[in-house]
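This report goes through one protein chain, from its overall fold down to single residues. Please look at the sequence and the coordinates before reading on.

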Amino acid sequence: MTERTHLQTPPVPDNRSIFNLPNNLTIARILMIPLFVAIAYWPPAMGINMPAIPDNVIARVGMSEFSDSLLRHLLLTGIFIIAAITDWLDGYFARKLNMMSAFGRFLDPVADKLMVAAALIILVQWHPNIIMAIAAIVIISREIAVSALREWMAELGNRTSVAVSYVGKLKTAFQMIAITVLLLNWESLEMIGYLLMVAAVILTLWSMFIYLKAAWPYLKQSG
């Protein structure tokens with residue numbers, strides 16, 4: 001009688017490079033952060049601590065006392081918008097080209113949080129008031145807390161319980177628009193920027209409550 005041997009075929013390793021198009025876009029977004037900070041603070045003469053730029057000055061870019069400041073704000077706003085676009089593009093291409101990877105799932109949210117944190121810190125210096133201070137503290141603290149919560153839930157095998165919600169996506173949209181408006185530093189848009197930032201803070205707290213509520217049955221367990 002012939003003995004049959006059942007050999008289990010080992011899993012084929014995925015040898016695809018992690019440096020694919022979606023991940024390269026994410027890496028590019030991270031590399032934009034040092035450029036973003038450099039433009040914000042160097043050279044020092046380029047409009048640091050300048051007041052909000054009046055609308056009549058926007059029409060006359062050549063005015064020496066505001067031209068450098070206006071250029072700085074336009075550059076910063078442009079970089080932030082490009083970063084936001086790459087945030088959408090890397091996810092789109094990852095799904096469209098079937099290039100989703102563990103590296104991309106790890107790096108993409110990190111890139112988003114780093115860029116938002118850098119922009120908020122800069123805005124707090126430019127707008128040293130209670131609204132911007134609270135906004136920066138709440139948004140950055142929420143990201144740290146939710147990231148820790150997701151990591152802990154992943155250890156329990158329940159990461160999907162704290163998956164990104166609709167409110168979380170809405171919060172991100174309001175954050176991005178508010179930061180973009182405030183980076184422009186235009187006088188007529190300043191109030192709109194603050195209102196958007198207040199809305200972003202409310203949505204930030206709301207989304208964090210949703211995540212905590214989803215995780216609460218596991219958090220209250222002993223052991």
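## Basis of the values

The model is predicted, so local features are given only at pLDDT of at least 70 and side-chain atom pairs count only at pLDDT 80 or more, whereas totals for chains, interfaces and linings use all residues. Residues are numbered from 1 along each chain as its sequence is written, and side-chain values use heavy atoms, with hydrogens and water left out.

## Overall fold

The chain has 7 helices and 0 strands, where helices (H or I, at least four residues) and strands (E, at least two) are DSSP runs numbered from the N terminus. Its order along the sequence is therefore written α-α-α-α-α-α-α.

Of the 223 residues, 38% are buried; buried means under 20% relative accessible area, exposed means over 50%, and partly exposed lies in between, with a 1.4 Å probe and protein chains only. The accessible surface amounts to about 13,300 Å², and 69% of that area belongs to carbon and sulfur atoms, the areas coming from the Shrake-Rupley method with a 1.4 Å probe, where for residues only the protein chains shown count as cover. Among the contacts with a separation of 6 or more, 77% are between residues 24 or more positions apart, a contact being heavy atoms within 4.5 Å.

## Salt bridges

Side chains of opposite charge can pair when their charged atoms come close. In the whole structure 7 salt bridges are found, each defined as a side-chain nitrogen of Lys or Arg within 4 Å of a carboxyl oxygen of Asp or Glu. One of them joins Asp 87 to Arg 29, with 3.6 Å between the closest N and O atoms; because Asp 87 lies in helix H3 (residues 64-96) and Arg 29 in helix H1 (residues 21-41), the pair ties together parts that are 58 residues apart in sequence. Arg 29 also forms a salt bridge with Asp 108, at 2.7 Å between the closest N and O atoms, and since Asp 108 belongs to helix H4 (residues 102-126), this pair ties H4 to H1 across 79 residues of sequence. Arg 29 is buried, with a relative accessible area of 2%, and a network of salt bridges links Arg 29, Asp 87, Asp 90, Asp 108 and Asp 112.

Another salt bridge is formed by the side chains of Lys 171 and Glu 143, at 3.0 Å from N to O. This pair links distant parts of the chain, with Lys 171 in helix H6 (residues 166-184) and Glu 143 in helix H5 (residues 130-155), 28 residues apart. Both Lys 171 and Glu 143 are buried.

## The cavity

Rolling a probe the size of a water molecule over the atoms shows where empty space is left. The count comes to 1 cavity of 30 Å³ or more, a cavity being a set of points, on a 1 Å grid over the protein atoms alone, where a 1.4 Å probe fits but cannot get out. The largest cavity has a volume of about 50 Å³, the volume being the space filled by probe spheres set on the grid points, which are joined across faces, edges and corners.

Which residues line the largest cavity? The lining consists of Arg 29, Phe 80, Ala 83, Ala 84, Asp 87, Asp 112, Met 115 and Met 176, where lining residues have an atom within 4 Å of a point. H3 and H4 are the elements that give two or more residues to this lining, and H3 gives the most, with 4 residues. By class, the lining residues divide into 5 nonpolar, no polar and 3 charged; Ala, Val, Leu, Ile, Met, Phe, Trp, Tyr, Cys and Pro count as nonpolar, Asp, Glu, Lys and Arg as charged, and the others, Gly among them, as polar.

## Single residues

Thr 26 is placed in helix H1 and is buried, at 3% relative accessibility. Leaving aside residues up to four places away in sequence, Thr 26 touches Asp 90, Leu 107, Asp 108 and Ala 111. The C-alpha atoms of Thr 26 and Leu 107 are separated by 7.0 Å, although these residues are 81 residues apart along the chain.

Asn 98, in the loop between H3 and H4, has a positive phi of about 55° although it is not a glycine, and Asn 98 is exposed, with a relative accessible area of 53%. Asn 185, in the loop between H6 and helix H7 (190-219), has a positive phi of about 65° and is not a glycine either, but Asn 185 is buried, with a relative accessible area of 6%.

Technical notes. On a 1 Å grid over the protein atoms alone, a cavity is a set of points where a 1.4 Å probe fits but cannot get out, and a pocket is an open set with protein on both sides within 12 Å along at least five of seven lines; lining residues have an atom within 4 Å of a point.
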